[in-house]
Amino acid sequence: MVNSPDPAAGRGSARALSAEIAALYASAPAALRLLQTFRPYVAPFDDLLAAVPQGAHILDVGCGGGLFLNLLAARGTIAAGQGIDASAAAIVAAQAAAASS
């Protein structure tokens with residue numbers, strides 16, 4: 001994915017990421033699936049994903065449903081990742097998405 005300052009390019013990236021996320025969270029509850037698929041429209045995921053070096057080990061504190069870690073893992077970017085969140089339901093959703101990828 002190429003980063004670009006062009007706002008139209010950013011929207012294209014958000015659309016592509018949303019499709020990728022929808023596949024990762026296909027079996028998640030509807031509310032979580034909706035939340036995850038819209039996150040790239042409000043957060044700079046294209047920039048964040050590009051900033052992680054190949055083979056990195058990532059600790060995501062406050063990982064929620066594991067979106068960032070699951071995207072990195074699905075793309076083969078990280079060697080290992082660990083997520084921590086206060087919500088047991090979010091962790092269950094993150095684990096389910098990880099198992100499906």
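Some ground rules. The model is predicted, so to speak of local features we need pLDDT of at least 70, and side-chain atom pairs count only at pLDDT 80 or more, while totals for chains, interfaces and linings use all residues. Residues are numbered from 1 along each chain as its sequence is written, and side-chain values use heavy atoms, with hydrogens and water left out.

I start with the fold. The chain has 5 helices and 2 strands. Helices here are DSSP runs of H or I with at least four residues, strands are runs of E with at least two, and both are numbered from the N terminus. In sequence order the pattern is α-α-α-β-α-β-α. Strand 1 and strand 2 (residues 78-84) run parallel and are joined by 6 bridges; strands are taken to pair if DSSP finds at least two bridges between them.

Now the surface. The accessible surface of the chain is about 5600 Å², and 63% of that belongs to carbon and sulfur atoms. Those areas come from the Shrake-Rupley method with a 1.4 Å probe, and for residues only the protein chains shown count as cover. Of the 101 residues, 35% count as buried. Buried means under 20% relative accessible area, exposed means over 50%, and partly exposed is in between, with a 1.4 Å probe and protein chains only.

L34 sits in helix 2, residues 30-38.

Next, the inside. The largest nonpolar core has 19 residues, and Y25, V52, I58, L71 and L72 have the most contacts inside it. At least two residues each come from helix 1 (7-24), helix 3 (45-51), strand 1 (56-61), helix 4 (67-74) and helix 5 (88-100). Helix 4 gives the largest share, 5 residues. A core in this sense is a set of buried Ala, Val, Leu, Ile, Met, Phe, Trp, Tyr and Cys residues joined through side-chain atoms within 4.5 Å.

Which residues of helix 4 are buried? They are L67, F68, L69, N70, L71 and L72, that is, 6 of the 8 residues in a helix that is mostly covered. Just after helix 4, G76 has a positive phi of about 75°.

Contact means heavy atoms within 4.5 Å. Setting aside neighbours within four places in sequence, L72 is in contact with L49, V52, I58, T77 and I78. L69, with neighbours up to four places away again not counted, touches I58, D60, I78, G81, Q82 and G83. L69 counts as buried because its relative accessibility is 11%. From L69 to G83 the C-alpha separation is 7.4 Å, though the two are 14 residues apart along the chain.

L49 is in helix 3. Among the residues that L49 touches, beyond four places in sequence, are L17, F68 and R75. L49 has 7% relative accessibility and so counts as buried.

Strand 1 has two faces. The covered one holds A56, I58 and D60, and the uncovered one holds H57, L59 and V61. In a regular strand the side chains alternate between the two faces of the sheet.

How many salt bridges does the structure hold? It holds 1. A salt bridge is a side-chain nitrogen of Lys or Arg within 4 Å of a carboxyl oxygen of Asp or Glu. R75 pairs with E20, the closest N and O atoms being 2.9 Å apart. The partners are 55 residues apart, R75 in the loop between helix 4 and strand 2 and E20 in helix 1. R75 is partly exposed at 31% relative accessible area, and E20 is partly exposed at 24%.

Last, D85, in the loop between strand 2 and helix 5. D85 touches G62, C63, G64, A90 and I91, not counting residues up to four places away in sequence. D85 has a relative accessible area of 25%, so it is partly exposed.
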